[in-house]
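Dear colleague,

I am passing on the structure that follows, and below it you will find notes on what a search of it turned up. Please read them with the coordinates open.

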Amino acid sequence: MKLSQLPLSTFRDAPADAEVISHQLMLRAGIVRRLASGLYSWLPLGVRVLHRIERIVREEMNRAGALEVSMPGVQPAELWRESGRWEDFGPELLRLQDRHRRDFCLGPTHEEVITDIARTELKSYRQLPVNYYQVQTKFRDEIRPRFGVMRAREFVMKDAYSFDLDEEGLEEAYQAMRRAYSRIFDRLQLTYRIVQADSGAIGGSQSEEFHVLADSGEDAIAYSEADGFAANVETVPVLPNTESHRPAPRQDLQRVATPGVRTIADLCEFLDVTPRQCLKTLLVAGTETPAVALLLRGDHELNVHKAQALDAVAAPLRMLSAAQVEAAAGVSPGSLGPLGLELPVFVDQSASRVGDFSCGANRAEHHYTGVNWERDVPLPPVADLRNVTSGDPSPNGGGPLTVARGIEVGHIFQLGTKYSDAMGATVLDSGGRPRNMHMGCYGIGVTRVAAAAIEQSNDARGIIWPDAIAPFDVIVIPIALDKSYRVRETTDNVAGQLEAAGLEVLVDDRNQRPGSKFADADLIGIPHRLVIGERGLDRSEIEYKSRRNDSIEMVALDSLVEFLDSKRA
């Protein structure tokens, strides 16, 4: 393809509201354009990336024996009411009515529709196992779309659904999809981790997420190189540290005035202490009381899933507002502490082992120092309430954990009979008895994969696409194309030769300065660049540069295809 035939608009600077690098570079490189909040149009370069991702996904799904189908994006409410999710799914489900005032929704996922297909098409155990998949646009009415296509309202997803007669068959289907997903992300050339996860609104008994590692990732994942453990931090238990004992008190209890201190950071600066020496008190809604207090070390984060598992804490967990804290405890949030607090209190196990700590004094702009459990305040019930941090022991006992940021690009679930029970999806077994089918669910965010690839691989000049999903394999940049017949002829010959070898080639034939062409090539991120000029042609050579480094090599024209084969990943 010639670049003069591609309406490409690139920008030096990204819009101010583009928060993450993938959003910035997608806009600057002409990959996407924003239509409305959470809605993006994919331009020709972007569509080429999506198609290459989809091709790999389809190849591996077909290889695993899955069957492609296409289901409507608009779904009748009756199916969602059968499954019980019409109300339970929440405001992310965009509901609408047709002209006859019948209720429908825009599909965020397709468990209900595929279960309806299965109960209609599958009658006997002899038709099992079966796995249906599709690549289709979804819609989820995110309360706050952000990060470009990373958390958009409309997105492209590959979703698959397996049906088996029993749990053993489901386990086999699940593991087959796990292997297929690993092959997909290996072929996409992404660095990723498979982590244990929470099933969320989809439901089911077991699930795992595939996370592309990137510093900008929304999710924190914990993994151990020593024993292979990996999980989303929200699911990882903190092992009780039996070797760490609470130290004996060494300081006297004192109440000090702390004007203007509202946060742990403020308190540490005011008292010249570390967050490990401070305890923070968080108030959440209770099941039988208006408020429940949760105590953690100042350097730890509350784990919502662990906290709401406590019988005394209302689920889903709800943090109290400043006004609600004042009403429940008689003091602002920044001055809360356990001494004299007449509320149900739970302390995280790490916080229970701190001595001589500082905390709020339940008096405006005052804190205590030198506080010790048992001596100054009774030890409340102890629970695991926090997220793990780097250095915590692996739950499998194989070594310390590392916490990194990840972008979820795939999720696999064992649903069991959750949907077949609710919707009557049965087949007859070998004895002629009806059996509810066991389901699995497997999703890959195709548009999110494109963004995650950019987040994982970029530099100050722009995108660095993996070879597998780049919009073009090679960009050819002729110098003085309009002035040199030899350059023009060689450019056509090289492009034809590379295309005949199966490479997708973009020729920058625009009448622009070389520096501008080089800048656009780097911004777009095409993996391999060839520059054709008179000086090189005098030696029957052209210039080669990989997008991944700055070194330049001269390549003989008669060995160009073999050379590029050696350079491509």
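For sorting lining residues, Ala, Val, Leu, Ile, Met, Phe, Trp, Tyr, Cys and Pro count as nonpolar, Asp, Glu, Lys and Arg as charged, and the others, Gly among them, as polar. The model is a predicted one, in which local features need pLDDT of at least 70 and side-chain atom pairs count only at pLDDT 80 or more, while totals for chains, interfaces and linings use all residues. Residues are numbered from 1 along each chain as its sequence is written, and side-chain values use heavy atoms, with hydrogens and water left out.

The protein chain has 15 helices and 30 strands, these being DSSP runs numbered from the N terminus (helices H or I, at least four residues; strands E, at least two). Of its 569 residues, 51% are buried, that is, under 20% relative accessible area with a 1.4 Å probe, protein chains only.

Two cavities of 30 Å³ or more were found in the whole structure. A cavity here is a set of points, on a 1 Å grid over the protein atoms alone, where a 1.4 Å probe fits but cannot get out, and its lining residues have an atom within 4 Å of a point; grid points are joined across faces, edges and corners, and a volume is the space filled by probe spheres set on the points.

The largest cavity has a volume of about 60 Å³, and its lining includes Phe147, Met150, Asp219, Glu408 and Arg448. Strand S20 (402–416) and helix H11 (446–456) are the elements that give two or more residues to this lining, with S20 supplying the largest share, three residues. By class, the lining divides into four nonpolar, three polar and five charged residues.

The second largest cavity, of about 50 Å³, has among its lining residues Asp522, His528, Arg529, Lys545 and Arg547. Helix H13 (514–524), strand S28 (528–532) and strand S29 (541–546) each contribute at least two residues, and the lining comprises four nonpolar, two polar and four charged residues.

The structure holds zero disulfides, a disulfide being a pair of cysteine sulfur atoms within 2.5 Å. Cysteine 268 does not form one with cysteine 278, which has the closest cysteine sulfur, because the two sulfurs are 3.9 Å apart, too far for a bond; cysteine 268 is buried at 10% relative accessibility. For cysteine 105, the closest cysteine sulfur is that of cysteine 441, at 15 Å, again too far for a bond, and cysteine 105 is buried with a relative accessible area of 0%.

With best regards

Definitions and conventions:
1 Å grid on protein atoms, 1.4 Å probe; cavity = no way out; pocket = protein on both sides within 12 Å on 5 of 7 lines; lining within 4 Å. Buried < 20%, exposed > 50% of the residue type's maximum accessible area, 1.4 Å probe, protein only.
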